[in-house]
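Student: I have a model open and want to learn how to read its features. Can we go through a few?
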Amino acid sequence: MNFKSILVIMVLITAVTMVSCKENTTETKTQTTEKQRKDDTSVYVCPMHCKDSGSDKEGKCDTCGMALVKNEDHTGNEF
C-alpha cells in the first residue's frame, strides 16, 4: 500500500470514530436531562430513582415497590 492509501484509511477511521462517539454523548445527555426533569417536578420520588417513579402523592414505586420519599430538590408548588 502506498502512503496516500494509508492516509485515506486513517482519515476515514478517525471520521467514523468521531461521529459515532458524538452521537453516544448526545444520547447520554438527553437521558440524564429527562431524568432530572422528572425528579424536579415530582413532590415524591423513588429512592432507587426508577423510571417514571415520581408522584405528587405519597405511595409506593410501581417498579420496585419501595415507599416514595419526599423530594428535597422539588422546585414546583407543593400542595
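Student: Which residues does Ser 42 touch, not counting residues up to four places away in sequence?

Tutor: Contact means heavy atoms within 4.5 Å. Ser 42 touches Gly 54, Ser 55, Asp 56, Asn 71 and His 74, with residues up to four places away in sequence left out. This is a predicted model: local features need pLDDT of at least 70, side-chain atom pairs count only at pLDDT 80 or more, and totals for chains, interfaces and linings use all residues. Residues are numbered from 1 along each chain as its sequence is written, and side-chain values use heavy atoms, leaving out hydrogens and water.

Student: Where is Ser 42 found?

Tutor: Helices (H or I, at least four residues) and strands (E, at least two) are DSSP runs, numbered from the N terminus. Ser 42 sits in the loop between H1 and strand S1 (44-45).

Student: Why does Ser 42 count as buried?

Tutor: Buried means under 20% relative accessible area, exposed over 50%, partly exposed in between (1.4 Å probe, protein chains only). Ser 42 counts as buried because its relative accessibility is 4%.

Student: How many disulfides does a search of the whole structure find?

Tutor: A disulfide is a covalent bond between the sulfur atoms of two cysteines. The test is a pair of cysteine sulfur atoms within 2.5 Å. The search of the whole structure finds zero. Cys 46 is in no disulfide; its nearest cysteine sulfur, that of Cys 64, is 3.5 Å away. Cys 50 is in none either; its nearest cysteine sulfur, that of Cys 64, is 3.8 Å away.

Student: Why do Cys 46 and Cys 50 count as buried?

Tutor: Cys 46 counts as buried because its relative accessibility is 0%. For Cys 50, the reason is a relative accessibility of 17%.
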